[in-house]
Amino acid sequence: MLTVAPTSAGKSIMMIADADERIKNDSETTVVVVASKILLIQQLSEEFEKFIPSANIIHLHSGDTEHKRVTNFLDLAYWCETTGGPKIIFTTYHSLYKIALAELNLDVVYLDECHNAVNPRFFDAVKELSRTAKNFYSMTASPKFSQVASKPGNNDAEVFGSKIFSVRAPELIQDGSILPPYASVMEVKGIRDSKEGAAERDFYTLCDGILGDDSGDMNKVLVVAPNTKVMMEMLSMTSFLEEMTENGYEVLHITSKYGAFVGKKKVTRVEFLKTLSDYGADSKKKFVVFHIGILTEGISVPGIQTCIFMRNQNMISTVQTIGRCIRVHPEDTSRMQSGELIPGDFDNYQKPYGKVVIPVYSNKSGIATAKRVENVINEIFVKGNYVSDMITK
């Protein structure tokens, strides 16, 4: 069964609530949770464990985790055979074929960010588990629908099932589930050349954009870096770290090539995720976090106020990145639950919107990014169209 809902709509809670109910009804339930990235599967694991502490947890992927982890399907099969009680297996799409090889008796499979499931590298395993699992649920904010029978798409009902739930973004904004995104084009005098001086230009752009903004929207910032090389050159060959530190900011960054850093200290991905969550929840903490693509999908840091696009992204990544900054502030959520704050009364929100900043240079560099961001915001968050109306393959 397929669920389509905008980023931050609560898809993780839907999975957790369903799994919890199944485990309460059957103490031997076996659950599989699939996500696109190791960092996201780690966060999902923490959330499931928080609400379902009775479950036995195992991870099937190559990353670090505080839980038991295996990489071989035979080890997974043995663990499932010898472990009593409810079991939850957390894995990535890259490792999903090992779940199929293990030939497990699966009660329910949840595909998070299931637009990844149509990738030809993963689709055979997805199709097999859809056939063998007793229950199979797929969730995404940005489904990929195929108009060609020979190409996999989330509209393949035999694999992903029929759409059982969908909701439009304006409804979620008005009921207090997400925030309206606000696009801000930052006009930069001068040119940006991707081949020469890019790191230095980005240094000045970000310092001016973050430190020169007195709106209060730049205390917790997520930066989509142009690429790993330019990002690392800016962090190591300019005084960006020193400038941020002098102004009370912590700088975090994460890439698949170099790993995760808090300041100049290398940390595990688990520690990075915890630090990011702690900083996001601390109203007094100021930070800037850089990434290339790892934090695009699913990662929940409700405190992030602003996303800065330093490069263009495809439609899905644009939608997902905007989703990182439109999560409602926890204090606003609590005030709505108590009746102190009326949903949709944005003037009285502590965090009334998610800000999306796009630098545009004199040589028109960045203008395509600005047009794409503005189009996504207008179509999805203003008009209420689904991403599936905009994306076909």
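View 1. Helix H12 (residues 315–323) is largely enclosed by the rest of the structure, because eight of its nine residues are buried; buried means under 20% relative accessible area, exposed means over 50% and partly exposed lies in between (1.4 Å probe, protein chains only). Helices (H or I, at least four residues) and strands (E, at least two) are DSSP runs, numbered from the N terminus. The buried residues of H12 are Met315, Ile316, Thr318, Val319, Gln320, Thr321, Ile322 and Gly323. They pack against the strands E9 (181–188), E10 (220–224), E15 (306–309) and E16 (354–361), and against helix H14 (367–382). Contact here means heavy atoms within 4.5 Å.

**View 2. The packing of helix H1 on helix H2.** H1 (residues 11–25) and H2 (residues 38–51) pack at an angle of about 45°, and their axes are 10 Å apart. Axes are lines fitted to C-alpha atoms, for helices over the stretch in contact, and angles run from 0 to 180 degrees between N-to-C directions. The angle makes H1 oblique to H2; under 35 degrees counts as roughly parallel, over 145 as roughly antiparallel, 65 to 115 as roughly perpendicular, and the rest as oblique. H1 passes H2 in a right-handed crossing, that is, the near helix is turned clockwise from the far one by less than a right angle. H1 contributes Ser12, Ile13, Met15, Ile16, Ala19 and Asp20 to the contact, and H2 contributes Leu44, Glu47, Phe48 and Phe51. These residues divide into seven nonpolar, one polar and two charged. Ala, Val, Leu, Ile, Met, Phe, Trp, Tyr, Cys and Pro count as nonpolar, Asp, Glu, Lys and Arg as charged, and the others, Gly among them, as polar.

View 3. The structure holds zero disulfides, a disulfide being a pair of cysteine sulfur atoms within 2.5 Å. Cysteine 207 is buried, with a relative accessible area of 10%.

**View 4. Threonine 92 in strand E5.** Threonine 92 is buried, with a relative accessible area of 5%. Leaving out residues up to four places away in sequence, threonine 92 touches Val34, Ala35, Lys37, Ile38, Leu60 and His61.

**Notes.** Residues are numbered from 1 along each chain as its sequence is written, and side-chain values use heavy atoms, with hydrogens and water left out. In this predicted model, local features need pLDDT of at least 70 and side-chain atom pairs count only at pLDDT 80 or more, while totals for chains, interfaces and linings use all residues.
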